[in-house]
Amino acid sequence: MIKGIISDMDGVIYRGKQLVPGAQAFVKRLLDASTPFLFLTNNAEQTPLDLKLKLQQLGISGLTEDNFITSAMATAMFLKQQKEHATVFVVGGGGLINELYNVGFSISESHPDYVVVSKTTSFSFEQLKKAVRLIDGGAKFIGTNPDMIDPIEGGYEPAAGTLLAAISAATGKQPYIVGKPNALMMMLASRKLGLHPEEALMVGDRMDTDIVGGMEAGMKTALVLSGVTTQTMIDDFPYRPDYVFQNVGEISLDAL
């Protein structure tokens, strides 16, 4: 029996600065029914407070910071388990840097333990050059998430995977990726909700991250067609979601 929802955000709740049709009603139903839910996002640029305020500005109220888990949070949790008080060179924004500071890490360009890469609009050739030099010098190569593109109003824009691909091409090394589809992030989310994975429904717009990650973590999965994946693309994958909806407005736990 499904008792709670773990939902992606980009392409599911909003595209860029526009709410997806039905998103407001979907969140209201969850809040009114006191259904446990968590927004799990591969977005590492923003903090839970940023995301809460963003949704508030888009017209979704009643949320708290505890309703969110980001790939930056998951990356910081994972790396802290690997090494206490590590040093990190970051290719990424304030959201990622903030989470790394929160677990006691320091930012350094001098022989860091890790090079951590996420999407950032300020990516430069200088950052690329430093990341390559540090990884070649022995720093471990970490990616927050593998998404190549993100849906925005009117189309798409490059995401973390594009930056990871450039660094990987220059170093010949592949990053360890913490965010979706790594089931580790899904397990952290279900634990935060106090649910067993089989009691949670993973809602997402990407077959290659949301759906496969939820499936591998033992969750039921629901694909929405409001983001990256179209109906015809589903057959390109060797696995299928448990449910397919046009958008989250069609999802009702009582009907599943």
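This is a predicted model: local features need pLDDT of at least 70, side-chain atom pairs count only at pLDDT 80 or more; totals for chains, interfaces and linings use all residues.
Residues are numbered from 1 along each chain as its sequence is written, and side-chain values use heavy atoms, with hydrogens and water left out.

Strands of a sheet pair through backbone hydrogen bonds, either parallel or antiparallel. Here, 6 strands form an open sheet with parallel pairing, in the order E5-E4-E1-E13-E14-E15. Strand E5 (68-70) and strand E15 (243-245) are at the edges with a single partner strand each, so one side of each has no neighbour in the sheet. From one strand to the next the twist averages 20°. Helices (H or I, at least four residues) and strands (E, at least two) are DSSP runs numbered from the N terminus, and two strands pair if DSSP finds at least two bridges between them.

Thr41 has Thr70 in E5 as its bridge partner. Helix H3 (residues 71-82) lies across E4 and E5 and runs at about 65° to E5. Axes are lines fitted to C-alpha atoms, for helices over the stretch in contact, and angles run from 0 to 180 degrees between N-to-C directions.

Ile149 has Pro158 in E11 as its bridge partner. The hairpin has 2 residues between the strands, and Gly154 takes a positive phi near 85°.

Next come two packed helices. Helix H5 (residues 125-136) and helix H6 (residues 160-171) pack at an angle of about 50°, their axes 10 Å apart. That makes H5 oblique to H6 (angles under 35 degrees count as roughly parallel, over 145 as roughly antiparallel, 65 to 115 as roughly perpendicular and the rest as oblique). Leu128, Ala131, Val132, Ile135 and Asp136 in H5 meet Ala166, Ile167, Ala170 and Thr171 in H6, contact meaning heavy atoms within 4.5 Å.

Finally, Ser226 is in the loop between strand E14 (220-224) and E15. Ser226 counts as buried at 13% relative accessibility (buried means under 20% relative accessible area, exposed over 50%, partly exposed in between, with a 1.4 Å probe and protein chains only). Leaving aside neighbours within four places in sequence, Ser226 is in contact with Gly11, Val12, Arg15, Val20, Gln246 and Asn247.
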